[in-house]
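Please examine the sequence and the three-dimensional model shown here. The explanation that accompanies them is meant to be read alongside both.

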Amino acid sequence: MDELRVLSVCGNLGYGFPKTSLDNGLARDPHIMGADNGSTDAGPYYLGSGDQLTKREQIRRDLGFSLAAARKKKIPYIIGSAGTAGGNPHVDSVLDTMRELAKRDGHRFKLAVIRSEMDKEFIKRAVREKKTRTLGKLPELTEEMVDESVRIVGQMGLEPFMTALEGGADVVLAGRSCDTAIYTSYAAMQGFDLGLAFHMAKIIECGAQCALPIGANDCILGTLREDHFELEPMNEGMRVTPGSVAAHMMYEQPDPYLFYEPEGVIDLKDSEFEQIGERRVRVSGSRFVQAQTPTIKIEGVRLRGYRTIAVAGMTDPRLIASLDEVEANVKNTVADMVRGALSPEDYELRFIFYGRDGVMGRLAADESSAPREVGVVMEAIAKDQTTANAVLSLTRSTFLHAGFEGRKATAGNLAFPFSPSDFEGGPVYEFHIYHLVELEDASAPFEVEFAQVG
Amino acid sequence: MERLYDLAEVLRSKNAGPLHITLDLLFADEATYRRVADSEALTPGVVSELYEMAPEQVKIVHFDAANAIKITIPRKGPTSGAPGDRDVYGAQQHGPLLGLMIP
């Protein structure tokens, strides 16, 4: 094989890509198609709850078009990090939509499903064998942390995808995946240089995010050859330049010169970017250095409780100047009122003052000018929803009528935009596992199941 | 002296995983990039003061191919999206850099 043409459908399946871009991509006769469908960016809720960030209607549209395209061309189609978080409920939800679409559109294909939920005993054994390590501020992993997790997924690398493709899968639906593995696995099977293949994958997994104008929700074609690869956006209104491609290597990762995969590290120090025509860029010089022991990243969440919030605005200058005092008084009053029923560790209460320092906290401190309006978000988290509702309700009414030095607006402190004012947020989760696990066999935890669809 | 916010074409922040924030500064041309990169105005020490953390927690990489500077820092509070976090995507953490004066 002299050249491998890889079509990336978009940066996140479900965000919506232009159908014309997909058609343009198909006209280039790609050998394989792929799409990423997940991330930790939206926070811990999705892994914990099993819900998806992209809704079924969104998946139905994007998967409908792209699945039809892959089946029309009879080329493999790989979807990674199914359903946002890649756990079993997420995979099952996308699988259900896929079966519905296959029935609707009359597709027949061999499907491989690769699951990524980690068996807790498997991870605890790794903890005992000291094969796990922290990736930053979280403490080293313990068996207790594994036990208290709601769900743990592992990011699969190349091997499970290669197993699926070697087994003749037309469509691969994978749980939590390294974004690069989606696009590198087929290239690796064909014997292409892994430095180039991984680098190309790292760029196209974001769709046309590397293009001008930026378009994460658009299709891009990667063409991999022996000693270079080329990138070309499939939207005719977009182009890539050496600058735009290089700049993309900054995106969402800590080091533009290096990135780590389960199989090793990709070194971009000697990568070169060359403009080809108006809209294409050629990349060469990227190198792969194999790791001695493969590692995978695992992600896990624990339940912190249930949330209720209320939103309100404030305009009174004396109130705005007294918010620290009011906050302290409200917290104390609430603690007094619930004494006997709840102890301090049974609930969490927070106030976010937008317009004052809502995002940056003390780093935003600017004493020079008082804001004309401040918005407050009151948040209660408790062990169950009923308790959170009650704590928030008490907090809201206490804040509404709280007194402070020099108060003039004695009828109420808060402008509520909504009735009812309080909103249930449901379960609240927290990433408490984000660790590396060393494995003898990086494919071991990821089971590949084949099924005939249609 | 000019503000970093005025010199940069792109000045953004984003999660690099749920534990880190990465700040990107992209400049329109090499001269502006070199002006900032070669100045002593943007060092781990300066960034650590702006974000109230230890200098050794701040990693700064100069990326000539894109006329860009990348700064990566740990999240100081909870992990992304945990109770008490106020920026789940880490997309508005660049504020403290805006007013930095560059000779």
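The paragraphs that follow treat chain A as a whole, then its sheets and cores, and finally the interface between the chains.

The model is a predicted one, in which local features need pLDDT of at least 70 and side-chain atom pairs count only at pLDDT 80 or more, whereas totals for chains, interfaces and linings use all residues. Residues are numbered from 1 along each chain as its sequence is written, and chains are lettered from A and ligands numbered from 1 in the order in which they are written.

Chain A contains 13 helices and 19 strands; these are DSSP runs numbered from the N terminus, helices being H or I of at least four residues and strands E of at least two. The C-alpha atoms of the chain fill a box of roughly 80 × 50 × 45 Å along the principal axes. Of its 454 residues, 48% are buried, a term that requires 20 or more other C-beta atoms within 10 Å of the residue's own, with C-beta atoms placed from the backbone. Two residues are in contact if their C-beta atoms, placed from the backbone, lie within 7 Å. Among contacts in chain A between residues at least 6 apart in sequence, 77% join residues at least 24 apart.

Strand 17 of chain A (residues 374-382) is largely enclosed by the rest of the structure, because seven of its nine residues are buried. Strand pairing here requires at least two DSSP bridges between the strands. Strand 17 of chain A pairs in the antiparallel sense with strand 15 (residues 295-314) over nine bridges, and A:V311 stands opposite A:V377 in strand 17. Strand 16 (residues 347-354) of chain A also pairs with strand 17 in the antiparallel sense, over eight bridges; there A:F351 stands opposite A:M378.

An open, antiparallel sheet in chain A consists of three strands in the order 10-11-14. Strand 10 (258-261) and strand 14 (287-290) of chain A stand at the edges with a single partner strand each, so one side of each is left without a neighbour in the sheet. From one strand to the next, the twist averages 25°. Strand 11 (residues 264-267) of chain A is joined to strand 14 by four bridges, and A:I266 has A:F288 as its bridge partner in strand 14. Helix 9 (residues 194-204) of chain A lies across strands 10, 11 and 14, running at about 110° to strand 14; axes are lines fitted to C-alpha atoms, for helices over the stretch in contact, and angles run from 0 to 180 degrees between N-to-C directions.

A nonpolar core is a set of buried Ala, Val, Leu, Ile, Met, Phe, Trp, Tyr and Cys residues joined through C-beta atoms within 7 Å. In the largest such core, of 103 residues, A:V172 and A:L173 touch the most other members. Helix 9 of chain A supplies the largest share of this core, eight residues. A second, separate core of 44 residues includes A:I123, A:A126, A:V153 and A:I298.

At the interface, 36 residues of chain B are in contact with 35 residues of chain A. On the chain B side, strand 2 (10-15), strand 3 (20-26), strand 4 (59-63) and strand 5 (68-74) each supply at least two residues. By class, this side of chain B has 17 nonpolar, eleven polar and eight charged residues, where Ala, Val, Leu, Ile, Met, Phe, Trp, Tyr, Cys and Pro count as nonpolar, Asp, Glu, Lys and Arg as charged, and the others, Gly among them, as polar.

Definitions and conventions
A residue is buried if 20 or more other C-beta atoms lie within 10 Å of its own, exposed if 12 or fewer, and partly exposed in between; C-beta atoms are placed from the backbone.
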